[in-house]
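Colleague: Could we go through this model together, one question at a time?

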Amino acid sequence: MAWLLLLAPLSSAFLVWVALRRHPRASQAVSITASLITFLTALGIALGRIEAPASLAWIDLPGLRVEIGMTLDALARLMLLMVTGVAFLIHVYSLGYMAEDPGRGRFFGELSLFLASMIGIIVATNFVMMYIFWELVGVSSYLLIGFWFEKNSAADAARKAFLANRVGDFGFLLGILTFWATCGTVAFHPEAARALAGNWLAPIVGLLLFCGCVGKSAQIPLHVWLPDAMEGPTPVSALIHAATMVAAGVYMLCRIFFVLELSPEALSVIAWTGGITALVAALIATQQNDIKRVLAYSTMSQLGYMVLAVGCSGTTAAMFHLTTHGFFKALLFMGAGSVLHALHHEQDIWRMGGVGRKMPLTFVTFGIGAAALSGIPGLAGFFSKEEILQVAARSQPVLFWMAAFTAALTAFYMTRITLVAFLGQPRTDVVRHAKESPLVMGLPLIVLAGLAIVAGYPFFGIVRYLGGQEAGENSLLVPAASLTAVILGLVAGAIGYGRASREPIAIPLFQRKFYFDEIYDWTVLKLQEESARLLSWIDQWIIGFVLVRGGAFVVSLGGEVLRLVQAGNLREYAFVFALGAGGLLFLLFGR
Amino acid sequence: MSPLTILLVVEASAIGLILLGAPARRVSLVAAGVNFLLSLWIYAQFPSGIGGWHFVENHSWIALGALPEIRYHVGVDGISLPLVLLTTLVTLAAIWVSPTQIKRAGEFYSYLLLLSLGALGAFVSLDLFFFYAFHEFALIPTFLLIGIWGTENRQFVSLQLTLYLGLGSLVLLAGIIALLGVLPAEARTFDIPRLTEYLRDNPISPRQQLVPFALLAAGFGTLVSLFPFHSWAPFGYASAPAPAAMLHAGVLKKFGLYGLLRIAIPLLPGGAEAWKPWILALLLGNVLFVGLTTIAQKELPAMLGFSSVMHMGYLFLGLMCWNALGVSGVVLLMVAHGLSAALLFAVAGEVRERAGEISFAELGGLARRMPFVAVAFLVGSFASVGVPGLANFPGELLIFFGAWKSQPLITAVVIWGIVISAVYQLRAVRSVFYGDLPQHLAETVDVEGSKRIPYALLMAALLILGIWPGTLLGVVGPGVKEFLSLY
Amino acid sequence: MQEGLWIIGAPEVTLAVGGVLLLLAESVTKLQPRAVGVLVLGVYLIAGLCLLPFAMSGAVLWGGIYTWDRFAVSGKAFFLLTGMLVTYLSLEGEGEVPAARAEFYILPLFCTAGMALLCSVRDFVLLFVALELVTVTLLVLVAYRRSDTASLEAGAKYLIVGGLATAFLVMGIAYLFGATGSTQFDGVARYAEKEGVGPVLILGLAFLLVGLGFKAAAVPFHIWAPDVYQGAPTPITAYLSVGSKAAGFVVLLRVLLLPFWNTDFQRHWVPLIVLMAAFSVVLGNLAALPQRNMKRLLGYSSISHAGFLLIGLASHSFLGFASMLYYLLAYLVATFTAFLVLVLLEREKEGKTITDLSGLVQRSPLLAWSMALAMISLAGLPPLMGFFGKLLVFLAAWESGFHALVMIGVAAAAAGIYYYISVVRAMFWSDPVHQAPIVVHPATQGLLMALNVGSVLFGFYAKPILALAAGAVSGIGG
Amino acid sequence: MGTPTLGHYLVLSGLLFAIGLAGVIARRDLLIMYMCLEIMLNAANLSLVAFSRFTQQVRGEVFVFFVITVAAVEVAVGLALLVSLYRMKRTTKAEEITALKF
């Protein structure tokens, strides 16, 4: 029964790809039912009614045994619930959002493929199985980002996303191989990892595996693809680049935590990467004008929080924040999506304004989401961010203060876009006759808004489900610091953008995204293009021309010379004949 | 009459019929279809779980005092069966994909069948003479196929290819003779199993193995486009007509690897060990040097040519780490690369024919006009980049695992190849099929009707092997285990 | 020593007598030249029939100068076949022989008789006489087209260089006779056995090798070959490249196997043959690369094949000699196919250079494929006879320890592929220069088909030919 | 000095042979070259006769007759050829007849 989790979306994807692409209505139906089936199965598993099935031997050779099976522990069950739930809501939402797009049949097929691979990562029982679905998630994100492949920018963004993921996977695979070489197995057996304890390889394995997370969860330095991934349709951004795929990296870290905890150095590196990413992303988000890009950087920043939490060995805090973040970030993206849908894909917040009056439902739900994200007490974000700050305070004080400052920044940029986009006067006429999105898009917003409010409280039981909080007492300093940060952020936001009609402060460093793109273009791409051109020149001229055809030329030259010996003059022939005879005699008698 | 001989007879008689004037395309399609079904039947009948040779047919061919005995010895084991399947499938696809109206069709199809007959013969024969002779069947037909039906500067390219491969096969001939020469007089035989047994019981001193192995490695290396000897391959495949490129890059290139796997390394382990550092260095050339050169390519067919040379690096790595994982990985990847290369070259042929363009600059947005071809190219690209769920991934994975313990650093560099291949492959997808559609390509027409079946076949094979490698591993695993137990 | 068995010499006698009778008949009655040609074929058949009854018996006749063993029998069969093919070629090339007088058909009879004699030679005198018979008749045939300066020039060159070779040959025989006191092969062998190898004997051997080197067109005595091949009428070029070369090697085999077989001699002539082989293979293949004229190209190719045969000879082992014989037959089949196609083309006043051949496959597939198969077999690519020949020769040489020689042979063969391929390229790739379709007589079509099938079949299943060759070599009696 | 021994004759025939060879190489005219060939043949005859004289073997002389007859045959055919060559090219200089080369 549990196999349904994988089989349903996979078969739906295959069916759509092979047969139903031309019939959007049928492919939508198939895809949504598949998503519903996965949600119900996940529910069944969560309620303990369905056990993990026996595993199949995918590769069984002397020296390597790779199995396809399912681990359904608390971590996996929670993640399954969150992913399948959000996915189902986004499927419903996409019905409305993609209503008039001719290629939507293909869209739903690719959504099912993504869902299957995401579930694959969650239930993976060994590194190779995780790597398999890890790459499949990369492929489906490539397909979904590049859905509107006519747009050059979308096609380039898709390629950039896949390549960044691929670099991360490269490190991930090396990590797996080193783990397998030292511990002899690829399965997630904590006792097998004993071989790594105290071994100088432990930090290397930890960091290599972390590379996979850096690639997938868009941590610095492999984060450049996430903002461009906004080229994809908004449901894609909501599902993949907010709730599930980017979270896979964090989930992976929690899943293989038994390896990371063997090397404190690796953990501190992870923590610092998380902290820096959170800070940098928040800073960039403050200066972005495109609503989806702001949300993208905000996702990057929140992921930095989760990675920070894992770095400070607060896996429960990380998972708690991951779940709550999944709810309200998906809500924010879908809210933004419904605004874009109404404003015919106008994404610049400075050309919006006063949308709240025209689209009340979207405004309210978006507001709840923004509040939850900024960490306003009483909502989900506050509780989960609190946990992370507690964990950070305990082990990395410097990072704690950075995180607190980032919390302020988060509140600041969320108020900024809410005020600029939803309140104030409509700045362009397209806003004037915008009207509320259809109910099929509104419903998921309402459900998620509810979750955003409720999810944080203990009675909802996420933390209890994960097996209780980490040990260690909570210092009072943390709630105080986080509250002040939030208030400061809100106030600064309100002052700055209460009645602003255009961007008051312009900080080019943040606007240009710390010039990461330029740096990459200049170093990685240029280096690669130049070396490729040089090597191809060498291959064409040195190996191809000088060596190969040179050799041929020498041979033909030899032929030419020998040909000229035959000068046609009889006397010369006689001479050569005599010379030959003489040579013969000399050889016979010379020795 | 072992079914393997029937395979050869079917193709030979098809050529005969064509020469007698039968409608070339229909006859060769039927023959290829029959052969494919027959090879599936052989696969089904293949006793899994136990290694060793099956469907064996063995009679004396030439037995004269001084000359080592030549036997018509045909058989298939866990390692050569997948290659036979690959050959019959790619032949069927190649013939089906070739354009219906083509000048001098009779000659065209008979040369294609000769190519496939050569490969089939080489993979089933267990006698060094037949093994070598069958492969050489393909040399002149390739020359004629590229020369007459090729494109761009086909004249020079096909001449260079034929001379280069001619040199390679003659060096190989010298290697085979050197191998036989090293043995004492009474042990000299062309029969591979008997050679293997003999050399297992009384191995020859490593110093004596140096020269024969060097010759064999150079010969097979040239046929497989190992790094410095690769200049013939990329532009040869680029200018060849699609079916010829499919058969040559997809199937015939595997002859060299199969030769190393079956003859060079097992019979001369000392030589292999001695030359190992050299080959490891050269295969890095394949992955990095040729990999980066592929990125700089400006035309689709040339890029595919370079990419198929680059992938040989993985296979050589698998060969060099002589363990169960590596060798099974090599067999799997040989089949997978054959399928993906065939698919990609078929698509390149379609793009050249229907869009009339091959350089990235002029192409773009074809996915809108040719959705089916775009999907085929996407599947082929993802396969060749090693995405899980398609056949190349399990092969590459096994090779990486096999090679990691003995050569971690070199394997790490080779693994970087998966990023390089992603770069150039996706750039091809981006600039040919995505982005905006240039004006002059507005009316390109997609592949329709029965012409889609070969693509579907190749894609299905890639998917099946990718999702469940057990289909082949069930046969390859025991075969390799038993094969390695011999040394 | 059955003295009485005169009848054994029947093949040579039939040929000679037939030739003389035909000459008389031709001068007396006004026979059509084509009819004479057919009669000549008849004479060959009769000679062949005379051969059959004594195929298996072995005997030494006429005071020990003439031996009759399986090697001789197969040699004679080989030369009769060559003779017939040359006559057939001359019949086909009817047009281009001016005032096609019948001698052009009859003279090869005497030449073949000479070659048949050479197969069973056991005495240096008989060797000299038979060799000269062959050389002089060939000289006349080469210069037969008196109206064409090229043919005359070829004749002159063949005359002078041939004369030189004969002089060296006679000098060699003189020294051998002087040193051993006997002109019989076994006499020399017994003397060398008893007295060992003196300087005079070595000198004699050297001079002998010069003479025979000329016949086989091996470097450094190849200098005449390209020009004479180009100048002579095509059937005669074919005869030169197959018949005269085979005669040279048959005699080399006879001479090196009987009188000079003991190890002292071998120590001298084996390195010599190795060097000659290496040079011939290299020069033959390289010098042929830039060639454009077909006959001259085949001339150089014949030099390279002389080199490969010498590699077989250099390995001085049973396998080596057997491979030589097999190689000779493979060379016969391929060369005669090529020349038959050239003769047919010459009838249409073309076929001089490679460009004349362009697009032949579209004009006449049979001719194109026959020429292609011939070229591929000469290049030594499987599955044709040429390949198997090369494989044997290289294997024999490697077993005898000449690894470097095999390497040189392989490299030269690889370089050589180019000019064979450029012929195939011209025929298959480019479009025809001359449009006229070529009409081919059904009998010729049959002959071409037979030669092609033979080349492919015996290349792949070489057992029958190899058995013949091995039988012949094992049959080389005392 | 005494009667000449076998060595003297051999030396003489070697000299003759060398002169003939030099003549073939040095002289430009075909006819002269042809005559030098005959000289070389006669050198061989001389050594043959000398050997058979000193080894009491009659076989050498018999062989000389063969050589002489064959030389005669060759001369007949060779001169016929040179005559027709002269009729065609009006020259017998070796340099002029180099149409077939390279």
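Colleague: In which sense do strands E1 and E2 of chain B pair?
Modeller: In this predicted model, strand E1 of chain B covers residues 54–62, while strand E2 of chain B covers residues 70–76, with five of its seven residues buried. B:Ser60 stands opposite B:Arg71 in E2(B). The two strands are joined over six bridges, and the sense of their pairing is antiparallel.

Colleague: How are helices H14(B) and H17(B) oriented to each other, roughly parallel or roughly antiparallel?
Modeller: Helix H14 of chain B, residues 324–355, packs against helix H17 of chain B, residues 392–404, with the axes 7 Å apart and at an angle of about 150°. The contact includes B:Leu333 and B:Ala336 of H14(B) together with B:Leu398 and B:Ile399 of H17(B). Since angles over 145 degrees count as roughly antiparallel, H14(B) and H17(B) are therefore roughly antiparallel.

Colleague: Is A:Ser313 buried or exposed?
Modeller: A:Ser313 sits in the loop between helix H13 (291–311) and helix H14 (315–342) of chain A, and its phi is near 45°, a positive value in a residue other than glycine. A residue with 20 or more other C-beta atoms within 10 Å is buried. A:Ser313 has 20 C-beta neighbours inside 10 Å, so it counts as buried.

Colleague: And is A:His345 buried or exposed?
Modeller: A:His345 lies in the loop between H14 and helix H15 (355–358) of chain A, and it too is not a glycine, yet has a positive phi of about 60°. The cut-off for an exposed residue is 12 or fewer such atoms. With 9 other C-beta atoms within 10 Å, A:His345 is therefore exposed.

Methods. Residues are numbered from 1 along each chain as its sequence is written. Chains are lettered from A and ligands numbered from 1 in the order in which they are written. This is a predicted model: local features need pLDDT of at least 70, side-chain atom pairs count only at pLDDT 80 or more; totals for chains, interfaces and linings use all residues. Helices (H or I, at least four residues) and strands (E, at least two) are DSSP runs, numbered from the N terminus. Two strands pair if DSSP finds at least two bridges between them. Axes are lines fitted to C-alpha atoms, for helices over the stretch in contact, and angles run from 0 to 180 degrees between N-to-C directions. Angles under 35 degrees count as roughly parallel, over 145 as roughly antiparallel, 65 to 115 as roughly perpendicular and the rest as oblique. Two residues are in contact if their C-beta atoms, placed from the backbone, lie within 7 Å.
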